[in-house]
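These are my notebook entries on a single chain, set down in the order in which I looked things up. The structure comes first, and the entries follow.

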Amino acid sequence: GEMLLSMVRSMAGRWEVGEDEGLDALVASVKQTLDLSEGKKVVTFYVVPPNAWASSQEDAIDEEHDVVMHDETEEEKKKMRTRAFVVEAVEGTSIADVAKFGAGEGASTLRDYVECACSGIMACSTCHVVIDPEWFDVVGGPIEAEEDMLDLAYAPRSTSRLGCQVVLTKEHDGMVIRLPKGANNMMDFIPFE
């Protein structure tokens, strides 16, 4: 018993400050394996990096200081999508969890862009993504609490969502999301005294 308790404590790490020594990743890996064995499907989606579209704060504001998403030409859309990277994940996984625990090159690249500072409890906006307008009706809009967090996000758009709140389904296969150029991490400014 004491040896098992010692192992669990070492794997748990310093959970109070978000350090779990890989336990969360292990749990996510086991969950993914179980999901696949239960017949859940792999969903493929495309992620447009911030340098492939007008993703900055300045690009988001019009002359009246309203947040906008400018209409792209078909040529701009085509060019943007050729720069997207492919991500695969099991249905039932949130975009934020794909960024944190996903396997493969696409998930690894997504991890470089998406921070997930609050561990998916909708208390920050660092997993902010912009759903491609052609996919927004499929994904659906945010609930009020999510909208409140999106107000704090970097350059939010009318199709913005928090990645922790978008859970992949088979209907999302082929979906296109865009990554903003930056992130506002309010968690960095919380005093722990």
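Entry 1, a threonine. I looked up T159 and found that it counts as buried because its relative accessibility is 7%, where buried means under 20% relative accessible area, exposed over 50% and partly exposed in between, with a 1.4 Å probe and protein chains only. T159 sits in the loop between α8 and β4 (160-162); helices (H or I, at least four residues) and strands (E, at least two) are DSSP runs numbered from the N terminus. The side chain of T159 reaches the backbone oxygen of I131 at 2.7 Å. I also noted that T159 and V129 are 8.6 Å apart in space, C-alpha to C-alpha, while 30 residues apart in sequence.

I am working from a predicted model, in which local features need pLDDT of at least 70 and side-chain atom pairs count only at pLDDT 80 or more, whereas totals for chains, interfaces and linings use all residues. Residues are numbered from 1 along each chain as its sequence is written, and side-chain values use heavy atoms, with hydrogens and water left out.

S125 lies in the loop between α6 and β3, and I record it as buried because its relative accessibility is 2%. Setting aside neighbours within four places in sequence, I found S125 in contact (heavy atoms within 4.5 Å) with M149, L152, A153, L162 and N184.

Which residues have the most contacts inside the largest nonpolar core? They are F45 and L110, in a core of 38 residues; such a core is a set of buried Ala, Val, Leu, Ile, Met, Phe, Trp, Tyr and Cys residues joined through side-chain atoms within 4.5 Å. Elements giving two or more residues to this core include β1 (42-48), β2 (85-90), α5 (95-101) and α6 (105-113). Not counting residues up to four places away in sequence, F45 touches F85, V86, V87, V98, L110, L168, H172, M175 and I177.

Entry 5, a helix residue. I then turned to L34, which lies in helix α2 (residues 23-37) and counts as partly exposed because its relative accessibility is 46%.

I listed eight helices and five strands, which follow the pattern α-α-β-α-α-β-α-α-β-α-α-β-β along the sequence. Buried residues make up 39% of the 193 residues. Among contacts between residues at least 6 apart in sequence, 74% join residues at least 24 apart.

Definitions and conventions: Polar contact = N/O pair within 3.5 Å; in protein donor to acceptor, adjacent residues only side chain to side chain.
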